[in-house]
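The points are grouped by topic and may be followed alongside the sequence and the three-dimensional view.

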Amino acid sequence: MEEPVSRDAILAIRRRGLDRSPGLALVALQILLALAPAGYGWFAIPPGPGVTTVLDRQDTQFSWYAGPADQSEWLLNKGGSTAIRLKGWQDVSGFTFDLSTYRGQRVVAAELHLARANGDRVTSLVASTINTDWEQSRACWRFRALPDTPWTFDHSDFSSAAFGNFGSLVSYGFSDSDTFRTYTNSGFTWVAMALDPALVQALMLDHYGLAVTDARLHLTFGGNPTVYTREQNATVQPRLLVQFAASSDTTAPAPVGGLVAAAGDACGSVVLGFTAPADPEDGAAFGYQVRHGPGADYAAATPVARWRIPRPGAPGEAQQVLLEDLAPGSNYTFFVQSYDSVGNTSAPARVDFTVPPVRPAITLAEGDLPVPDPAGRSVRMVPGVLRYFAASEVARINPATGNRIEDGYEGTGADDYKKANVVWDAAANTIALRGCRNEVVGAQLVLQRLGVSLRTVGVEVSDLSGPGGAIIPAKQHVERFLMHHVTSGASAYAEAAIPLAAPFPTTFAIPDASHNAGGVYQSIYLDLFVPSRAPEGLYTGLVTVSATELAGDPVRIGLTLRVSEIAMPDAPTFVVDLNGYGNPWAFGPDPSATCLRYFQAIHKHRAVPNTLPYGWSGNVHADRGPTLTGNGPSRRTASWSAFDAQYGRFFTRDPAQSAFTSAQGYWGPGVNTPVSHFYTPFHEMWPQSMLDPVYGFDAAGRGPAHWDALRAASSNYPTLFSTCPDLASAFPDGYRQAQRNVIGDWLQHAVSNGWTHTAFEIYLNHKYSYSGTHALWVLEECEAADDFRAVGFFHQTWREGLEASGVTNVPWHFRIDISDRWGQHYGQLDPWINWQVVGSGAAGWHWPSKRYRRYQREADRQEQWIWYGLGAPVSGRGDENARAFLQKWCQGFDGGLPYWNSYNTAWTTADDDTPCVVYAGEAVPGFGLYGGPIISQRLKQIRQVQQIIELLNLWAAAPGMNRLRVREALCAKYGQGTWDFAFGTLGEWELYRLRADLVAQLELLEEARRAGVRVYVR
C-alpha cells in the first residue's frame, strides 16, 4: 500500500490536473499512481496486448467566438459533422466514451488519439472532463440542450461544465514532455496526447466526456485545425487507448467527517459542511455523492447535480456544498458519501435539517429627501450681472447653455432645474447637503454671467455651526474647485477640478481663456468632509460670491448640512482601483512631495492609486521595490531604503509615519488608514530574469535567447508554439527559488514595519506580442489554455514563497486580468488566484459563477472579483458611473477598475483613448507647474456611488441581513427587474433618494439596536 500523499500533491491532482512533465514540483499522476518519473512511453500502433481501445460514442464542436449578445456561434450545433475543430478557445471539441464495462478497474495509462482532417497545425493538446451529461445533437456552447436547458446554473455556458471548473479535471499534452505527438498511420495523420489517468477514472465514475482543443492556439497563430468524427468512419473515429492495472483496489475511503447543515444566504438554500476523508490507497478520496430526501433512505434520496460537488481535498480539509431550491420549512435528511478512484464507496454520512421558512421581504426605508418643486420659484439673479443656482455632484452643466445632459445639453431654457433640485431651493436661496460622518459630500455652484464678463470672482464658504455649539471649520473641511473644461466632439464639459486655493489663484473670470473659453456658465465644485466625530444634527453656514461687477455687494447663499449618526468606515469595503502605468507622480521640484499629494488626493476620494511599476522590457522603476543581491537561489533583497522612504508612509497605521494625518496636511476619510492595495514589481522578469543564462527559461536546453528570438518575430510563431517547452519544466528551480526568496523577504519586511492592512498585489501585464517584452505567453487577458497555465505557474511559485515565509497577517492579491475567456482557465487559477479582475464583457456574463465558485474553494483561498471598464466618458451623464457600480455590486463584485489608464492627461480634449480621471499638474493651463494631481469631476462622481455602496455594505452586515437580502430590497425599489440587475432608469433624483433611504434604514436599525430589538422590515 502506498504512503498517503501530501496536501500539495492532492491539490495538484484535484485542482490543477497537472500533467507528467519532468521537473514539475507537483507531479500529480506520478504521486497518485507511483509511476516512474521518466518520459511517457507511448503505446504501439496498432495497440498491443493489455491495451484497450475505446471508440467515442458521440462528438461535437462547441463554438465560442462572440457572445452572449451575438449568439449565432454560441448556438451552433455540429453534432452531425464529419469534422470538428481544435481551435484554441474559439472552437473546442467534445467527446464521450462508454467506459461502463471497465468501472472498478484502475487506469495505469491512457491516451487520446484524433485523426486530422486538414493540414492546419496542431501544436499541443489540452483535455478537460465534462461534469454534466449531454447529447451531441442538442448541445452547443450556450445550452446543454437547445433551446434553453442550461449547462449548470442559470445563465451558465459550456465553460461552467469543463475547463477545470466545478470539479472537472484537466490534462495537458506537450511534445517537449513527451505527452503530445503527431504520427501517420494507414495514410492518415493523427495527433495524440497522454492523458492523466485521473481523467479516465472520472469518465468511468462521475463525468460525461472530454473537452479537447489545442492548448497554444492564439489568434495571431491562426488556422483551423480539424479532426474527423465518428460520422466520418470507424477508421478515423476518435478513440481512447487505456491500460488497466492487473490488481484492483477493494478498500473504500473513510466517510467524510463532521457533516453539518446550515441555512444558506438565499431562501430555500442550505450549505453542507464536512471534512475531507482519507483513503488507504490514494491518500485522499476521489469524489463525493451528495443526496437529500425526506427520510433516511439513501437509495431513494435525490442526487445533487455533479457540478455542485467539489473534488475532495486533503484529509481533514473543510469543504462545502451549496444546495438550492429546497422547500422552505421542510425537513430533509442530507447524505454525503465518499468514493475512491475505482468507485469503492464509504458509508454515507447523514444529517437532518429543517430548511428555514420563507422570510418576509425586506422593504427599504423611505428617507425624508424632499421632492424638488420648481413651482412658484424663480432663478436667483442679480439683474444685469449674474444668475446662479446649485447643482448636484452628478450634474453635467453645459458652459454655453446651462443645460444638463438630461435636459438636452445643447438646448436652452431648462430653467426648472435651476429653481429646485436635490441640493438646491431657489426660494430659500439655500444649498442643502446631507452627510454621514467620515463622508465627503459635494455640490456645484453654477454662476451665469449676464454681461460680457465677470471679473475677479471669488467664492468663500464660512464655518458651519451645528447643534450644541459644534463647529465644522471650513478651512480644513471645505474645498472649492474651479471646473476646467475639455472638449469631446463639438461640446465642452466640466472635467478637471482646479483648487481655488494656494498655490492656484483664488479668484477667476467668466469667461476664462484657459479654463472656459467663451463660457457663459461656470461651475465651482464644493467638497465638504464631515468629521468622524461631528455631532448629528443640522449645521448652517454661508457661501459668499464676490466679483468686480458686484461692486462690493456680494451674493450670500445659505448652506445647510444635515449630519447623520451613521459613519462611513475608514477602510473602503468596495475598492475603486485607479489603474495606471509607471510613476505619474515623478515630476516637480520635489517628486516625493508630488507623490504624497497624489496619494492623499486619491485617498480622499476613497480610491487607491495603483500603477504598474515595470515596463515591457521588464525594467522596474527604481523606487518601486527593494534593491537585490545574488542570483537564482541566492537572490535576496539588499536594501529597502528608497522604497520605504517613498511608499512606507502609505502602508502604516503609525500616526507618526502615516501620510494620512493632519500633521501631513490631510483632512478627509480614512485618517491614519493605509491604502487598500498596492502593485508590487513581481512579474516574469523580476526578481529573477527569464533571460538569465543560468536560471532563465530553458537554461538547460536551447537557452532563453533562442525562445526570446522566436517570440520577437511573428514569422517564428509556428516554431515557437509547436516547440516551446512547458514552463512547468523549462524553468529551473533556481528561478523559482529566487521568486520565493524575495516574496518571503517582502512579507518579513512588511511584518516588521506593521504593514498588515495593505494588500500587496502581483499583476502580470505582458503579452508575447508586445514589442520588447520577453514573456512567451499572454499573461494579461489570457487567450490560450497555456496562457492560463503560465499565470497559474507564476502565482503558484509566489504562493509557495508566501507559505514558506510563515507570515500569515500580510494580505496579498494574487491577480489575473481576463477580458472574455474567464470560464476557460483550465483549472490553472485554482487554488492560486484570489484577485480576479474581469473585463466588462466577461463580467457581464460570468458573474453568476462567483456565487458558486466560493463553495468549491478552500476557506483560506477565497477569491474576490473586481471588474474593469465601463467608466463613463467625459461626455457621459454624471450618473452613468453610479448605474454601473450599483449593478456590479448587485452582481457580487467587490470593487471596480473603471479606466484602463486613470492618468492619461489631456487638458484640452478627452475621449475613450484618453480616459484620464487624475490630471497631472505638470502644465496646468493658465498656471504652469503644480507638484500634484488635479482630480476630475468623474472621480468625484465615483466617490459618491462608492459611499452609497458603503451604506449598502453596512446594511448587509447588520444582524439577520446579508448581501442577497439587501440586493433584493434595492432592486425592488430602484432596479429594472432584469436578470443582470441593471439600473438603466436610475437618474439623479433616484440616486439621491436611494442614499437618503439607506441612511434612514441604517438610522432605524441603530435606533432599534439601542432599544434592544431587531428591526428588518419597515
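This is a predicted model: local features need pLDDT of at least 70, side-chain atom pairs count only at pLDDT 80 or more; totals for chains, interfaces and linings use all residues.

Within strand 8, Ala192 is the bridge partner of Arg181.

**Strands 7 and 8**

- Strand 7, covering residues 180-185, pairs with strand 8, covering residues 188-195, through six bridges in the antiparallel sense.
- The two strands make a hairpin in which two residues lie between them.
- Ser186 is located in the loop between strand 7 and strand 8, and Ser186 has a positive phi of about 55° although it is not a glycine.
- Ser186 counts as exposed, because its relative accessibility is 59% and the exposed class begins over 50%.

**Strand 30 and its partners**

- Strand 30 spans residues 478-488, and nine of its 11 residues are buried, so the strand is largely enclosed by the rest of the structure.
- One partner of strand 30 is strand 31 (residues 491-499), and eight bridges in the antiparallel sense connect the two.
- His485 has Ala494 of strand 31 as its bridge partner.
- The hairpin of strand 30 and strand 31 has two residues between the strands, and in it Gly489 takes a positive phi near 70°.
- Strand 30 is also joined to strand 33 (residues 521-529) by five bridges, and these two strands run antiparallel.
- Opposite Arg480 stands Leu526, which belongs to strand 33.

- Strand 13, made of residues 270-275, is paired with strand 18 in the antiparallel sense over six bridges.
- Phe274 has Gln319 in strand 18 as its bridge partner.

**The loop between strands 32 and 33**

- A cis peptide bond with omega of about 0° joins Ile510 and Pro511.
- Pro511 lies in the loop between strand 32 and strand 33.
- Ser514 is also placed in the loop between strand 32 (507-510) and strand 33.
- Ser514 counts as partly exposed, at 29% relative accessibility.
- With neighbours within four places in sequence left aside, Ser514 is in contact with His484, Pro925 and Gly926.
- Ser514 and Ile743 are separated by 229 residues in sequence and by 48 Å in space, taken from C-alpha to C-alpha.

**Other loop residues**

- Ile45 and Pro46 are joined by a cis peptide bond, with omega about 0°.
- The position of Pro46 is in the loop between helix 2 (28-33) and strand 1 (51-63).
- Asn429 has a phi near 55°, which is a positive value in a residue other than glycine.
- The loop that holds Asn429 runs between strand 24 (424-425) and strand 25 (430-437).
- Is Asn429 buried or exposed? Asn429 is buried, because its relative accessible area is 11% and the buried class covers values under 20%.

- Helix 18 comprises residues 988-1011, 24 residues in number, and reaches 35 Å from its first C-alpha to its last, close to the 34 Å expected at 1.5 Å a residue.
- Gly1012 follows helix 18 and has a positive phi, near 80°.
- Helix 17 (residues 963-974) packs with helix 18 at an angle of about 140°, and their axes are 12 Å apart.
- The crossing in which helix 17 passes helix 18 is right-handed.
- On the side of helix 17, Leu970, Lys973 and Tyr974 take part in the meeting, and on the side of helix 18 they meet Glu990, Arg993, Leu994 and Asp997.
- The residues of this contact between helix 17 and helix 18 divide into three nonpolar, no polar and four charged.

Key: Residues are numbered from 1 along each chain as its sequence is written. Side-chain values use heavy atoms; hydrogens and water are left out. Helices (H or I, at least four residues) and strands (E, at least two) are DSSP runs, numbered from the N terminus. The expected span of a helix is 1.5 Å times one less than its number of residues. Buried means under 20% relative accessible area, exposed over 50%, partly exposed in between (1.4 Å probe, protein chains only). Two strands pair if DSSP finds at least two bridges between them. Contact means heavy atoms within 4.5 Å. Axes are lines fitted to C-alpha atoms, for helices over the stretch in contact, and angles run from 0 to 180 degrees between N-to-C directions. A crossing is left-handed if the near helix is turned anticlockwise from the far one by less than a right angle, and right-handed if clockwise. Ala, Val, Leu, Ile, Met, Phe, Trp, Tyr, Cys and Pro count as nonpolar, Asp, Glu, Lys and Arg as charged, and the others, Gly among them, as polar.
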